[in-house]
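Below is a note for a colleague who is meeting this structure for the first time. Please read the numbered points beside the sequence and the model.

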Amino acid sequence: MIKLSNISIGYKKESPISTGMNYTFEDNKIYGILGASGCGKTTLLRTIAGLTQPLEGVVTIADDKKPYMMHQKYTCFDWLNCLNNIMIAEKVLKTGKLNVEDARNILARVGLEEHEKKYPHQLSGGQKQRLALARTLFVKPSIILMDEPLSALDELTRIQMQDLILKTHRETKNTIIMVTHSREEADKMCDVIIELEQFKREDK
Ligand SMILES: Nc1ncnc2c1ncn2[C@@H]1O[C@H](COP(=O)(O)OP(=O)(O)O)[C@@H](O)[C@H]1O
Ligand SMILES: [Mg+2]
């Protein structure tokens, strides 16, 4: 469970992007956040992730679960090949449960199995985004925050990756909060769709 209690988001106290936001995200659901460009979707995800402090109010996350964020400007480690771009997650998190076979498996599921020795500069934008998606899914986080995770993909690949995210969601029973600008994508993937402005009206 993730609870927003009367939070204000933004970067300057005197000019918050949005104020008085209340909402409770339940476990094991997929939430879609829609809203015009610049309305604060990324800022909200960053605030939930703890990367930006709320200007007011608190974000409570049950059981000390740490959200894993897939950024809008998806991250690749340029000095590591694709396989090690996945394995770095294990080096950081040190769960001891994730191994090279799992990494190869997830690379295959995003269609990069033949590219494991390539470096990010040898990949297209869409392939880099799929690499970042693979790293996110590899660590099986219980809470995933995804900021326009499929924005660089062609239509067919986008549908395949939507299906992969849905399948992984059913397998791992995670909670996903995803920002998308596609109403169609939100309708297909999300249990609950929220326009950013709606957080003010919700009082759960
Ligand atoms: N690091 C930052 N410092 C100051 N202002 C920022 C920063 N990041 C974003 N903003 C501003 O905050 C507003 C919301 O941005 P953002 O959350 O990225 O919107 P969205 O993801 O909905 O397009 C924009 O006006 C943007 O210019
Ligand atoms: Mg954004």
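**Notes on the predicted model**

1. At a relative accessibility of 13%, E148 counts as buried, where buried means under 20% relative accessible area, exposed over 50% and partly exposed in between, with a 1.4 Å probe and protein chains only. E148 is found in the loop between strand 6 (143-147) and helix 5 (155-172); helices (H or I, at least four residues) and strands (E, at least two) are DSSP runs, numbered from the N terminus. The phi of E148 is near 45°, a positive value in a residue other than glycine.

2. A word on conventions: this is a predicted model, in which local features need pLDDT of at least 70 and side-chain atom pairs count only at pLDDT 80 or more, while totals for chains, interfaces and linings use all residues. Residues are numbered from 1 along each chain as its sequence is written, chains are lettered from A and ligands numbered from 1 in the order in which they are written, and side-chain values use heavy atoms, with hydrogens and water left out.

3. Another positive phi, near 50°, belongs to K94, again a residue other than glycine. K94 sits in the loop between helix 2 and helix 3 (100-109) and, at 65% relative accessibility, counts as exposed. Most residues other than glycine have a negative phi.

4. A cavity is here a set of points, on a 1 Å grid over the protein atoms alone, where a 1.4 Å probe fits but cannot get out, whereas a pocket is an open set with protein on both sides within 12 Å along at least five of seven lines; lining residues have an atom within 4 Å of a point. The structure holds one cavity of 30 Å³ or more, and about 40 Å³ of space lies in the largest cavity, a volume being the space filled by probe spheres set on the points, which are joined across faces, edges and corners.

5. The largest pocket has a volume of about 520 Å³, and of the 23 residues that line the pocket, the closest to its centre are P67, Y68, M69, L93 and V139. Strand 5, helix 2 and helix 4 (125-138) each supply at least two residues of this lining, with helix 2 giving the most, four residues.

6. The domain assignment, which is automatic or taken from a database, gives domain 1 (1-67 + 141-204) and domain 2 (73-140). In the contact between them, 18 residues come from domain 1 and 12 residues from domain 2, contact meaning heavy atoms within 4.5 Å. The lining of the largest pocket draws at least three residues from each of the two domains.

7. Within helix 2 lies N85, which is buried, with a relative accessible area of 0%. Leaving aside neighbours within four places in sequence, N85 is in contact with C76, F77, L80, P120, L131 and R135.
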